[in-house]
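Hi,

Here is the structure I promised to pass on.

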Amino acid sequence: MNKKITSLLFLSLLIFCSASYSLEVIEILGGRANQIAIAVSPFKEFSSQTDTSKVHRVIESDLDRSGLFNTLDTDGVSNPPSNDLNINFTRWSALDAQFIVVGKIDQTVDRIRVSWSLLDVYKEKTVLSMEYAGKPSQFRAIGHKIADQVYERLTGSKGVFHTKIAFVKKINDDKYVLNISDYDGFNVRTIMNSGQPIISPRWSPDGKQIAYVSFEKKKPVIYLQELATGQRTLLANFKGNNSAPAWSPDSKKLAIVLTYNANSQIYIIDSDGGDIKQVMRSRAINTEPAWAPNGKEIYFTSNKSGGPQIYKLNLEDDEVTRITYEGKYNLYPSLSYDGKLLLFLMQDGGKFKVAVQNLLSNQVLKLTNGPYDEAPIFSPNGHMILFSYKDYGKTSKIGTVSVNGLKITPLAVGNEQIQEPTWGPITN
Amino acid sequence: MKKSLLLTVVVATLMAGCSTTELADSQPLNPPFPELASSSADGSVDTSGLGLDELRGDAKLSNRSVYFDFNQYVVKDDFMDSIEAHAAYLKNHPGAKMVINGNADYRGSHEFNLSLGQKRSVAVKEALNTYGADDSQIETVSFGEEYANQECTGAKCGEDRRADIAYEVE
């Protein structure tokens, strides 16, 4: 198990290590022992407001959630430093911290300014020093920005702590709400309300629109909705079912699934509804298309060999290749941003689990234990996965799992059924 | 590109405290979003000649649900009698329109279950075809697991693995 994690991480992390900075590269070869030990010291405040004191908690929970950091308890630290001068490195070293984050918050009535530093405890030197400012209500956004900087500096890979997610909330079987929120479940807002089911939301790679399937016409049809204006466009309302929208990497096209009066087959349609063409045709079910980041291949689920398995369609020569072989029931494919990892849902011993397959070695790693996990989707940097699970076997909830399998964190976004999550792109 | 980013970071580090990154205002919340009512049935339809009494009174015709095994869409022999009766009804009433709604239990992904429900719906249509029913009178759609019992266990889940026959006039 550990060996699996190690080799899988090794392959995936090698890529971002090579893209890293000229200063030393922190090697993460997987396993708890290789997590980066970091202490996020409480930020010194110069104001009477109390909620901004949570900035360091935001940073801490971000880094913790990623599974690549071991965040150390700083509750017992008396008189925490507010800048990178005169740091008592021996004290932090005694906590086993490799790195520390320190900072202070200056607040006026409608503005906070957060000055912070990342320090290397072993080398006893400052690694980063920056300042962010904004409205007091943006304290979480500022915390996420700082966590992104720390993450990128220490792992060589972009942080996703500023990104958004979308999910469906099902209330009493007759109300369905499409919500978006921060990646950690804070700042929820509703973008769509319906008396009929909503499934399969998918964020456009350019971040501007969400595609989803709505049953409001007493059958599944596909809508696109602009996030800035709330404006909806009916993309596909053909005879039969219209479902499983998947954006092309350039946001110009979508792979969708139509049935007419037969079985689910895969089509590609322009995002303005213009051109449409069929790309898969067989007697079997073909559904759940997912584009490879190169835009030249579509992964999908088909049951042509009996139970559902994942296949790859090459759009240039129409060649179809089977990808999953482990187990009898694998479905819901999606790809990491670099196209190297396949994420999917696997039925294993009667339980539905989130799994990843390294597409170079075809090694499979199960990230969760089920029993009823669903709808896994990668964070834009491929380091975390958002998925849904059944709490006590009943109510569907969502949470994140780190790609090294070390950290599972639930998202507190309501007591109702929370399902069909998706992850928005890295912005700005 | 990476290099210049690196430089920026290094420079920023060196100039610690000199520059402040101002966060943009978060995007305006809650643009008017659509609030949908569930659609309701429309005006009156001429139902004469559709033999509605027959549809409701006949034992075989009042049987509307076809049940399937897990991850399966083979129509079992037990249901053939009533499928034959429905096919005869369609042939005798060319104005009648049938919708077959396929369903699945909650296990597995929503999208695959939508496809599985569709496959079940199509399987019933094809069984009707073998008794001479015409495609022009039949529409197949799927609800997948969307109206399924989300907490079922064991045999109870079997109630959701079904296709339901409905007539448009009803």
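To start with chain B: what percentage of its 170 residues is buried? The answer is 34%. Bear in mind throughout that this is a predicted model.

Staying with chain B, you will find five helices and five strands there. Read from the N terminus, the elements come in the order α-β-α-α-β-α-β-α-β-β. If you take the contacts in chain B with a separation of 6 or more, 77% of them are between residues 24 or more positions apart.

Four strands of chain B make an open, mixed sheet, ordered β2-β5-β3-β4. The edges are β2 (65-67) and β4 (138-144) of chain B; each has a single partner strand, so one side of each has no neighbour in the sheet. On average, neighbouring strands of this sheet are turned by 20° against each other, ignoring direction.

Now to chain A. Its domain assignment has domain 1 at 35-155 and domain 2 at 164-423. Taken over C-alpha atoms, the centres of these two domains of chain A are 35 Å apart. Where they meet, seven residues of domain 1 of chain A are in contact with eleven residues of domain 2 of chain A. On the domain 1 side, helix α2 (residues 55-65) of chain A gives the most, with three residues. That side of domain 1 of chain A consists of one nonpolar, three polar and three charged residues.

Helix α4 (residues 139-155) of chain A is worth a look too. It has 17 residues and reaches 24 Å from first C-alpha to last, close to the 24 Å expected at 1.5 Å a residue. After α4(A) comes A:Gly156, with a positive phi near 80°.

Further along chain A there is another open sheet, this one with antiparallel pairing: four strands in the order β10-β11-β12-β13. Here β10 (198-203) and β13 (232-236) of chain A take the edges, each with a single partner strand, so one side of each lacks a neighbour in the sheet. From one strand to the next, the twist averages 25°. Strand β12 (residues 221-226) of chain A is joined to β13(A) by four bridges in the antiparallel sense, and A:Leu224 has A:Thr233 in β13(A) as its bridge partner.

Next, a hairpin. Strand β14 (residues 242-247) of chain A has six of its six residues buried, so the rest of the structure largely encloses it. Its antiparallel partner, joined by four bridges, is strand β15 (residues 253-258) of chain A. A:Asn242 is bridged to A:Leu258 in β15(A). Between β14(A) and β15(A) lie five residues, and A:Ser251 in the turn has a positive phi of about 65°.

Finally, some backbone details to check. Most residues other than glycine have a negative phi, and most peptide bonds are trans. Against that background, which residues stand out?

- A:Asn187 has a positive phi near 55°. It lies in the loop between β8 (175-182) and β9 (189-194) of chain A, and counts as partly exposed because it has 14 C-beta neighbours inside 10 Å.
- A:Glu288 also has a positive phi, near 55°. This residue is in strand β18 (residues 286-291) of chain A, and counts as buried because it has 31 C-beta neighbours inside 10 Å.
- A:Gly370 and A:Pro371 are joined by a cis peptide bond, with omega about 10°. A:Pro371 belongs to the loop between β25 (364-366) and β26 (374-378) of chain A.

Cheers

Methods: Residues are numbered from 1 along each chain as its sequence is written. Chains are lettered from A and ligands numbered from 1 in the order in which they are written. This is a predicted model: local features need pLDDT of at least 70, side-chain atom pairs count only at pLDDT 80 or more; totals for chains, interfaces and linings use all residues. Domain bounds come from an automatic or database domain assignment. Two residues are in contact if their C-beta atoms, placed from the backbone, lie within 7 Å. Helices (H or I, at least four residues) and strands (E, at least two) are DSSP runs, numbered from the N terminus. Ala, Val, Leu, Ile, Met, Phe, Trp, Tyr, Cys and Pro count as nonpolar, Asp, Glu, Lys and Arg as charged, and the others, Gly among them, as polar. Two strands pair if DSSP finds at least two bridges between them. Axes are lines fitted to C-alpha atoms, for helices over the stretch in contact, and angles run from 0 to 180 degrees between N-to-C directions. The expected span of a helix is 1.5 Å times one less than its number of residues. A residue is buried if 20 or more other C-beta atoms lie within 10 Å of its own, exposed if 12 or fewer, and partly exposed in between; C-beta atoms are placed from the backbone.
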